[in-house]
Amino acid sequence: MTRAEREERDGYLFVSPWMAGFLLFILYPLLASLYYAFCDYSVLRRPIWTGLDNFTTLFHDKVFWTSLYNTAYFAVFFLPASLVLSLALAMLLNAKVRGQAIYRTIFYLPSLLPLVATAVLFLWVFDGDNGVVNNLLKLGGFQGPGWLSDPAWTKFTIILLSLWGVGNTMIIYLASLQEVPESLYEAAELDGARAWERLKAVTLPMISPVILFNTLMGIIGALQVFTVPFVMFPGGQPADSTYFYTAYLYDNAFKYHNMGYACAMGWVMFLIILVLTLISRQLSEKHVYYGGG
Amino acid sequence: MAQSHVRKRAAKVAATHLTMILLSIVFLIPLFWLVTTAIKPLPETVAQPPVWWPKHPQWDNFTKAFVYDSDRLGYIPFLYYTRNTLLLCWLNVMGTVLSNALAAYAFARLKWRGREIFFLVTLATMMVPFPVLMVPLYGIFREIGWVGTLRPLWVPAFFGSAFNIFLLRQFFRTIPFELSEAATIDGAGEWQIFASLIVPLAKPALGVVALFTFLGTWTDFLGPLIYLIQQKTFTLSLGLQFYQSQNGGSEWNLLMAATTIVVLPVVVLFFFTQRLLIQGITLTGLKG
């Protein structure tokens, strides 16, 4: 056996666990779920081919559209808000002042907590009668809203508490800010650029690849939001205002045993993610600057 | 001129501090509410005007929450949740580090046919959302009788995952190839090079993967929710949700004590591994 042959054999040996895992836990489930999407199926019986039935039902399913609307609503408001907040925090943390390690810990820690714990905690934080938020509002002479009980507020509540967890994104921005060469800022300052202009002309272009990365991750994550609404608002209560896409998918699969239908929903989600990713890549082509790295 | 510059700078520093202190207070309020409620006697949780700091901290709320329902069940549920979670964390960390290090080594340092294509395919799997795979995966594990056991929650870790492979491959590539060459000349095989050269040098990266895996397992909810049936097999996340759904809305002090129990280990771990963690996130974000 030559050295190249040995290396070839070792390559396959080393990669073989992952190769098996890929086939078993990704490729097979992916193809199977594509097949089930066109079937009437629950784990209790064999799949029966029904063609496009699941998709036509989906199209006329009011709850499906509600869940899609709720999820899109969340994504549309949460993503820009999270971008602004995490970037603003990162810029504050990047300023040369004392005590940054403490501030960083405070902003970052919440994003690390188990989502179930966060959800349970915020049930109490936003409690209508005795929660801390409404208690504080009362101190200021305001009557707080029904954060958890009023369908007009519930989605906003979920967005607010999700913003509590921007720490992870914030750290990624902070790291990219620290990579921006100081000389660029000095040059801009010499040219008389104000803070706002420096942000627009130096900071944002330099970190644009990271903004794109975080946006893509944000879209993928937002479409899969599950734990917080599932724990805080069982069944999407009140009035289906918090019934999110993945929760409806889960219910179809494991509550109603409509597994073919759930797979169809899964593929619709996958396609939405692919389309949104392609669109953001296209849109970003002109605006993302890869010169820095 | 110089003096006004100094004054301007001082004003800017003060403004930055003020902004961050205000934001810190906002970020800390929920945690303050968590901890103070956890040590309040029940009447104080619903008192109006609100009690901001309990007059007589009830430390036994934690024990009460921990042993909740154990008389009826004949065992301490939170003890089982903790044990199951730790067991899963341990197995997942072991499996993830081992399988992904092997795969990353093959991608980073060995030449074999199909390597480039399979690496692209590997990266592409990161796009696939878990809900798409959920149903067939459940089908597989049901078929082999693993539903209701912890196995579906750790066995796949021993087969690797794209994100970790990517992370480790990036790191393995930075290790000079001359080192491998020298070892080969000394008669070392690939396994030896991997185990006694690459792995020791890659300890920081492997540490990052281990830490992410630990945290991911500790906080996972959807996985345990799908596969676990009996309360005895629950993890802490699932157990907390179960506890809340059974007893939520009444004894908030005990619920917050239970939440603190679930959160505390993560906080402690954070303080010990802060550096590594932030390095790791930086690595994923910048090189992603």
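Modeller: Two strands pair if DSSP finds at least two bridges between them, and strands (E, at least two residues), like helices (H or I, at least four), are DSSP runs numbered from the N terminus. This is a predicted model, in which local features need pLDDT of at least 70 and side-chain atom pairs count only at pLDDT 80 or more, while totals for chains, interfaces and linings use all residues. Residues are numbered from 1 along each chain as its sequence is written, with chains lettered from A and ligands numbered from 1 in the order in which they are written.

In chain A, strand β1 (residues 39-42) and strand β2 (residues 45-49) run antiparallel and are joined by three bridges. β1(A) and β2(A) form a hairpin with two residues between them, and S42(A) stands opposite R45(A) in β2(A).

The part to look at closely is helix α10 of chain B, residues 190-201, whose 12 residues reach 15 Å from first C-alpha to last, close to the 16 Å expected at 1.5 Å a residue (1.5 Å times one less than the number of residues). E190(B), I193(B), F194(B) and I198(B) of α10(B) are buried, meaning that 20 or more other C-beta atoms, placed from the backbone, lie within 10 Å of their own, whereas exposed means 12 or fewer. Seen down the axis, the buried residues of α10(B) fall within an arc of 95°, so they line one face of the helix (the arc is that of the directions from the axis to the C-beta atoms). On the other side of α10(B), S196(B) and P200(B) are exposed. The cover over the buried residues of α10(B) includes α5, α8 (162-173) and α9 (177-185) of chain B, together with α1 (3-36) of chain A.

Key:
Contact = placed C-beta atoms within 7 Å.
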